[in-house]
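The sequence and structure are shown first.

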Amino acid sequence: MNRQFDDIDAFAEAIKPLDIKVDQLTPGGFLGTVNFANFGSLEFTHINQNQMVRAIGSKSAHGLVFAIALQAEQTPVVSHGCPIKKQDIFGFDPNRENDVMVGKNAHIVIATVNKQAFHSLAEKMGYYLGQRFMNQNYQRLHAASLPPLKAYYQQIAHILSSQRSLLMQSEMQSLVREDFLPLLINTLGNSTTNNRQQPKTFRRYALVKKAEAVARAYRDQPLTLQQLGDELGTSSTALFYGFQEMFGMSPMAYIKIQRLNGVSRALKKADSKTETVMGVALKWGFWSAGHFSRDYKEMFGESPSQTLRRFF
């Protein structure tokens, strides 16, 4: 599959085998690409989008996800409050939901491998990559073993985007299945035995997550920064620095963007014969039609009424 999307929800639905919701965090029209290939017990997904986004949702029950950001130094990528660098592989804790923020024009390549096949081969190769290892969710790869694995991810991304005919060849499919998993396990095993330093999360990530939960509870009501701080028993300053560190914006700006994404999704499902734009907007805490329409168009590149008509 090689598809391009101008709708962020269709884009999110195409990112298999993940089940995620994706919110747009920067203003402008959305354009995203998803390239996907299934090799049976091994799947690859190459994702690229023109806006900063936040993805939250569940993983496959039977697969382990190993993701690499091919442009992490130029473009911010954050997983569960942890800044991802070019030498990191992430996302492989099967019991932890996805929570990833990806900057504009980043390229993420995800390998999803069969859980049983991974652990069986790791044991045969003499590596113990059990639950304790998987719970880390990130691994900073050893400098000596990183290049071959990263080059493999880059090659897969290139094939998915521009040489898909190669994937139709049974020889190529067999080669990928036989080569990738041993390379992945050997790289992870070497990095573990060399006691590589683990990536660290942002100091205020837990506070930001709690603030998001409070904001969801106030979805259809006005919410001030002072109220948010009072609910959490913290200062406005701590909240400001937490959101600035995570998203590069203030708490109130982020909450407004989340509400705008909520309105957008609701408008796509609304019946234009029975529902109005402001009727939907009110449910998400927008009370001024003029301000709401201006903010919505700036965020998504079209008016809310255009979204309502386009998806009905």
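How many nonpolar, polar and charged residues does the lining of the largest cavity have? By class, that lining has 15 nonpolar, 3 polar and no charged residues. In this count Ala, Val, Leu, Ile, Met, Phe, Trp, Tyr, Cys and Pro are nonpolar, Asp, Glu, Lys and Arg are charged, and the others, Gly among them, are polar.

The model is predicted: local features need pLDDT of at least 70 and side-chain atom pairs count only at pLDDT 80 or more, while totals for chains, interfaces and linings use all residues. Residues are numbered from 1 along each chain as its sequence is written, and side-chain values use heavy atoms, with hydrogens and water left out.

**The cavity**

Rolling a probe the size of a water molecule over the atoms shows where empty space is left. On a 1 Å grid over the protein atoms alone, a cavity is a set of points where a 1.4 Å probe fits but cannot get out, and a pocket is an open set with protein on both sides within 12 Å along at least five of seven lines; lining residues have an atom within 4 Å of a point. Grid points are joined across faces, edges and corners, and a volume is the space filled by probe spheres set on the points.

In the whole structure, the search finds 1 cavity of 30 Å³ or more. The volume of the largest cavity is about 250 Å³. Its lining comprises 18 residues, and Ile47, Ala55, Val100, Val102 and Ile110 lie nearest the centre. Two or more lining residues come from each of β2 (19–24), β4 (42–49), β5 (53–58), β6 (63–69), β10 (98–102) and β11 (107–114). The largest share, 3 residues, is that of β10. Helices (H or I, at least four residues) and strands (E, at least two) are DSSP runs, numbered from the N terminus.

**The pockets**

| Pocket | Volume | Lining by class |
|---|---|---|
| Largest pocket | about 370 Å³ | 5 nonpolar, 2 polar and 8 charged residues |
| Second largest pocket | about 250 Å³ | 7 nonpolar, 3 polar and 3 charged residues |

Among the 15 residues that line the largest pocket, Lys21, Asp23, Arg216, Gln258 and Trp284 lie nearest its centre. The element that gives the most to this lining is α9, with 6 residues. In the second largest pocket, 13 residues form the lining, and Lys256, Arg259, Gly285, Phe286 and Trp287 lie nearest the centre. Here too α9 supplies the largest share, 4 residues.

**Strand β6**

In a regular strand the side chains alternate between the two faces of the sheet. In β6, 7 of 7 residues are buried, where buried means under 20% relative accessible area, exposed over 50%, and partly exposed in between (1.4 Å probe, protein chains only). Gly63, Val65, Ala67 and Ala69 are buried on one side, and Leu64, Phe66 and Ile68 on the other. Strand β6 runs antiparallel to β11, joined to it by 7 bridges; two strands pair if DSSP finds at least two bridges between them. Within this pairing, Val65 has Thr112 as its bridge partner.

**Backbone features**

The peptide bond between Lys16 and Pro17 is cis, with omega about 5°. Pro17 lies in the loop between α1 (8–14) and β2.

Asn105, in the loop between β10 and β11, has a positive phi near 60°. Asn105 counts as partly exposed because its relative accessibility is 43%. Asn137 also has a positive phi, near 75°, and lies in the loop between α3 (131–134) and β12 (138–140). Asn137 is buried, with a relative accessible area of 1%.
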